Structures are given as C-alpha cells and as structure tokens.
Amino acid sequence: MPAVPDPSATVTEIDGRRLRLTHLDRVYYPETGWTKAAVLQYYLKAAPLLLPHLAGRPASFLRLPEGVAGERFWAKRVPPGAPDWLTTLEVEHRAETLRHVVVADLPTLLWAANLGALEIHVPQWRHDPEEHDRLIVDLDPGPGTTIVDCCTVALLARRELAADGLTAWPKTSGGKGLHLLVPLRPVPERAATDYARRLAARLRAHRPDLVVDRMDRSLRDGRVFVDWSQNSSAKTTAAPYSLRAGPTPAVSVPFTWTAVRNCRSPEDLRLTPEQVLARPRDPMAGLTDPGKAGELPG
C-alpha cells in the first residue's frame, strides 16, 4: 500500500491517479497535534474497512480546511476543478439537482481528505433516494444519560428487530451516541421511515423511563432519544470508520454486540484512530453482505 508523502512532498500517485496533496504539516487537531498528513494516513489505512460502506452512496462531506478550530462547512456538490475520473451521482433534492461524489476508490477518498473533508456522511440508500436498502436506529443520549444508556436501548432494539426478522450492526456515532444499521431489501422511503417510527414507539412502550421518541427536547432529560427521522432520504449519517471533527481525533467505530452488552463506561466504546486500525477485523463486515438483507414486516 502506498504511503502518504512527507510534508515536503506535494504530488503522489495512488492506484494510477496523480494527486496533489497540500499543507500536509497543517495541524488539524490542536489538542493532540494531529496533522493533515495524519488524517490522510488514517484514511489510507482505513480504506479497506471504509470503502465497502460507501459503495454506491452519494457522499456529503463536512470540510474543515484549516482543521477543527477553523471554519467548517458542508459540501454536497462536486466542486469546480474536481478530477474527471471521480465517480458521481446526480441526486434530485427538493429545490435542485446536485451532482454528488461517490467515494468509490482509494484515490477519491484521499482526494476528499486532501480538501479537508474530515467527516464523510452517506444516506440510507444507494443510487435512488426512493429505494432504501438500510435502516438506521439513531440513539441520542439526553442530558443525564450516556452511551451506556444507549447500549441498554440498543439491546432492546436488537431484540425487537430480531422479532421482525431483521439483523442490526452497532457502531458509535463518534460522539456521544450509538447507531444501529440494518440491511434491507430495497423499500420506499416512506416504508423505512414508518417502520422506524413504529419501532421507536415500541421501544418507548417497553421502557418509558428511558426512551423518548418525540422531537421535543424538553422530554429528553434522563432519556435516550430514538431519532427515527434519520431514515428520511434527505438525511445522512457519519459512515462507519469516518473521522469526526471533535476536539480530538475520534472515529465512528463499529463494535460487536458483546462489546455493547459489556459496556459499563463511555470509555469502553471510545477508541483512537490508531486503536481502530489495530483491530484484526471489521465487526460490521456483514452489513454489506447482500445475503444479510432483511425484509420489513408488512
């Protein structure tokens, strides 16, 4: 595998594509001294884990060209001057049609990272926003709760999903929450959103002391919010293995259900990028197996 060049080098070749990498010694995470070169090196090494989760999905990037202490903005459209070898996808949004980048290979991943795209977000569909092939159960801890409480709700959600013939894979959000991803045989957006809303209501009925499924923030103290609205075609979620733009380098990390069950402290599910890369396998590899896709109950 090629290496990211040292700060004095600016041009490299990755899988036959020439890339001009700039400002490699710029500090992106001041608290730890992590540089842009370290970000590129992480994405280079994480590519075999990350790329299968991005395949065919239009990417939205959170760009921070000066690092986490500087300006940040969302980038959804292919920028001017982008290389002509990028894979792209035109997506009809409510007000306009945008041409998105699809992160289909390592050169595209490093091209995006070189633009300061620290975070890579994707929707729960590939190619067609009306055909969802994934369900997300987004667990957001309210004031007074932590990811430990999210794990309790996640285990309950896993049981409810299994009762409907669906299999879920857990990952951290890279922040305070937890995501469960469920592969589906393609269904319309409305069907995915309606099911997610019903599931959230079922979880609340089981644990009204711990779960809230309404958007009203005043209801979230001491409870975990199940954000079923993340299944809208317009919403995106940090991809598995994406970096997150917090004070220190963090990753949206897949975990085994054993790790979720044994979680007793937020630190139990908090790994550095180096620790993520040192693991022997991807606990979420099965998510991209077409044979694992389930069918929503009628």
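Predicted model: local features only at pLDDT ≥ 70, side-chain atom pairs only at ≥ 80, totals over all residues.
User: What does UniProt list for residues 35-272?
Analyst: The unreviewed UniProt entry lists them as "domain: DNA ligase D polymerase"; such annotations may be inferred rather than shown by experiment.

User: On to the sheets. In what order do the four strands of the open sheet come?
Analyst: The order is S6-S5-S9-S15, with antiparallel pairing; two strands pair if DSSP finds at least two bridges between them. S6 (73-75) and S15 (237-238) are the edge strands, each pairing on one side only.

User: And how many bridges join S5 to S9?
Analyst: Four bridges join S5 to S9, which covers residues 117-122. Within this pair, phenylalanine 61 stands opposite isoleucine 120 of S9.

User: Which residues line the largest cavity?
Analyst: Phe61 is one of them, and the lining also includes Arg63, Trp111, Leu115 and Ala117. Strand S5 (60-63) and helix H2 (106-114) are the elements that give two or more residues to this lining. A cavity is a set of points on a 1 Å grid over the protein atoms alone where a 1.4 Å probe fits but cannot get out, and its lining residues have an atom within 4 Å of a point.

User: How much space lies in that largest cavity?
Analyst: About 60 Å³ lies there, a volume being the space filled by probe spheres set on the points. The structure holds three cavities of 30 Å³ or more. The lining of the largest cavity has eight nonpolar and three charged residues, and no polar ones.

User: What about pockets: what volume has the largest?
Analyst: The largest pocket has a volume of about 390 Å³. Of its 22 lining residues, Gly174, Gly175, Lys176, Pro266 and Arg270 are the closest to the centre. A pocket is an open set of points with protein on both sides within 12 Å along at least five of seven lines. By class, the lining has 11 nonpolar, nine polar and two charged residues.

User: Which residues are closest to the centre of the second largest pocket?
Analyst: The second largest pocket has a volume of about 340 Å³, and Glu92, His93, Pro129, Ser233 and Ala234 are the closest to its centre among 17 lining residues. That lining divides into six nonpolar, six polar and five charged residues.

User: What is the bridge partner of glutamate 92?
Analyst: Its partner is threonine 97 in S8. Strands S7 (residues 87-92) and S8 (residues 97-102) pair in the antiparallel sense over six bridges, and a hairpin of four residues joins them.

User: Last topic: how many disulfides are there?
Analyst: The count is zero, a disulfide being a pair of cysteine sulfur atoms within 2.5 Å.

Methods
Residues numbered from 1 in each chain as written. Heavy atoms only, no water. Nonpolar A, V, L, I, M, F, W, Y, C, P; charged D, E, K, R; others polar.
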